[in-house]
Amino acid sequence: MMKVTVLALSSCLAWLCQAKPSFPEQEMDPAYWNSMAQNTLKNALALEHLNRNVANNLILFLGDGMGIPTVTAARILKGQLSGHSGEETELEMDKFPYLALSKTYNTDAQVADSAGTATAYLCGVKANEGTVGVSAAAMRSQCNTTAGNEVTSILKWAKDAGKSVGIVTTTRVNHATPSAAYAHCVDRDWFSDGEMPTEALEAGCKDIARQLMENIPNIDVIMGGGRKYMYPKNTSDVEYPGERKHMGTRKDGRNLVKEWRERMKGQRGHYVWNRKDLLALNPHKVDYLLGLFEPGDLPYDLDRNTETEPSLTEMVEVAIKILRKNKNGFYLLVEGGRIDHGHHDGKAKQALHEAVEMDRAIGRAGLMTSIHDTLTVVTADHSHVFNFGGYTTRGNSIFGLAPMVSDVDQKPFTAILYGNGPGFKMVNGVRENVSTIDYSENNYRAQAAVPLSMETHGGEDVAVFSKGPMAHLLHGVREQNYIPHAMAYAACIGQNTRHCRSANSAPPSALPVLSSLGALLILTQLLC
């Protein structure tokens, strides 16, 4: 009771002391805000000159579960990690000039899952929840609805056009998001044949790990987790020998890693399973890379062993160094997949640090590429029932308490809350008093309104940030399946190539220049 009283008094004092600003003094001067707005206006006016270049390279950063509240909270966290109040900080994605909203529903679901959405933003068609790389005519878990309903992805369109292609994820490489780039499967959980029902195997359906190796056998870069799905059942893991939960799961006896290595002999292909071996590679001498760093998903960035586990930023850097050697360009899919896992578990701190790490990777990619020939898109597949509020003061820790107690149960609450999930907790029939526990701990589960063993996705639109050639095509409120069509158009791949052939004599980027020169010649004639 004493703690609650102290917190209440502290909250009151915080409100009373607001006469002394807790923000930079320059913000009290209208000239500060006017100058900032004028600079923003100047930059906005510069966008009148559209970047119509052909995109030689395409990069899609997918923050799994990274809804708009997550983006905002990650921005604040990024600033606070650097010693600032946080609200005024810019994420790397915030610096992108174009912004759109994506409608995330699946064909059969108002609130989407990561499989159906991946099919939309990679293959260009909306699909049913739980299915990857197949149209909505295919039904989840019904093997006999697969054949004839397969759809291909922008990764394949890029490969067919002669580009190098890569997949980098912090989840399993055969998880929902990456699998839609290469697989056609009516069940996202068919990671290996060990997870498939007998009737599906007998009907001829293939597991996702097998499809990774067979459907597009020459994917240039593959990095993430998922080792155990590549090895025969009960095969001991190289990193966790003897631990049963990490052993191989395949029933067909195939060693897919061994098969990959044999196929890549003489083609400068390398397989790595730890950070040391990854960073020891000379990208100039590597044409194909398979990096499987965990039996399952990679650990959260906060829990990562920095000696053995690469960060998302490190994986992205290596991937770009390998892929950019191709003069025809590349397509790279990067997934910050564990943002989603953190939210599902109610662990907001884990989720937000994952989002900050993905933003760091976005920044690194930006330094290694050019907006003149690289279209970069950042988006999410769906949101979560995550939010933060409570009239927190400027600079309040994003993981901190609201500056008040509830006027109903007289208990404090954290700014971050979930609509549902494992954070729901009652003590002696009443809501738990968060002041009695360490709510700043990495794995603290934020309070939730409805008890669930796993928090759910949210159904609101998600943001689409873009920069580079034809980035202006991604604007307004759009269906999620529009994204790969716009990206393919920018790169002259897939079904949108006619505009590129017709512009051979004058590339799109040159048209404004030619128009200006024509106008100048006419003006000269008039004056003379």
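**Before starting**

I'm working from a predicted model.

**Entry 1: disulfides**

I looked up the disulfides and found two in the structure. One joins C143 and C205, with sulfur atoms 2.0 Å apart.

C492 has 18% relative accessibility, so I noted it as buried. C500 comes out at 16%, so C500 is buried as well.

Then I checked handedness. The S-S torsion of C143 and C205 is about 110°, so that disulfide is right-handed. For C492 and C500 the torsion is about -85°, which means a left-handed disulfide. Numbering the bonded cysteines in sequence order, I get the pairing 1-2, 3-4.

C123 was my next stop. Its closest cysteine sulfur belongs to C185, 13 Å away, so again the distance is too far for a bond. C123 has 5% relative accessibility and therefore counts as buried.

**Entry 2: around D113**

Where does D113 lie? I found D113 in the loop between β2 (98-103) and α4. Its relative accessible area is 8%, so D113 is buried.

Which residues does D113 touch, leaving out those up to four places away in sequence? My list reads N106, E129, G130, R188, H382 and H457. I followed up on H382: it is 269 residues from D113 in sequence, yet their C-alpha atoms are 7.3 Å apart in space. I also followed up on R188, whose side chain makes a polar contact with the side chain of D113 at 3.0 Å. The D113 side chain also reaches the backbone nitrogen of A115, at 3.3 Å.

**Entry 3: salt bridges**

How many salt bridges does the structure hold? I have 35 in my notes. I picked out a few.

E479 forms one with K103, the closest N and O atoms being 3.5 Å apart. E479 is in strand β19 (residues 476-479) and K103 in strand β2, so this bridge ties together parts 376 residues apart in sequence. E479 also meets K126 in a salt bridge, at 3.3 Å from N to O. K126 lies in the loop between α4 and α5, so this pair ties together parts that are 353 residues apart in sequence.

I then went to helix α13 (residues 348-368), where E357 and R360 sit three residues apart, about one turn of the helix. Their closest N and O atoms are 2.3 Å apart in a salt bridge. E357 is buried at 5% relative accessible area, while R360 is partly exposed at 43%. Last, I noted a network: salt bridges with shared partners join K206, R210, E214, R254 and E259.

Terms used:
Residues are numbered from 1 along each chain as its sequence is written. This is a predicted model: local features need pLDDT of at least 70, side-chain atom pairs count only at pLDDT 80 or more; totals for chains, interfaces and linings use all residues. Side-chain values use heavy atoms; hydrogens and water are left out. A disulfide is a pair of cysteine sulfur atoms within 2.5 Å. Buried means under 20% relative accessible area, exposed over 50%, partly exposed in between (1.4 Å probe, protein chains only). Helices (H or I, at least four residues) and strands (E, at least two) are DSSP runs, numbered from the N terminus. Contact means heavy atoms within 4.5 Å. A polar contact is a pair of N or O atoms within 3.5 Å; within protein, one must be able to donate a hydrogen and the other to accept it, and residues adjacent in sequence count only if both atoms are side-chain atoms. A salt bridge is a side-chain nitrogen of Lys or Arg within 4 Å of a carboxyl oxygen of Asp or Glu.
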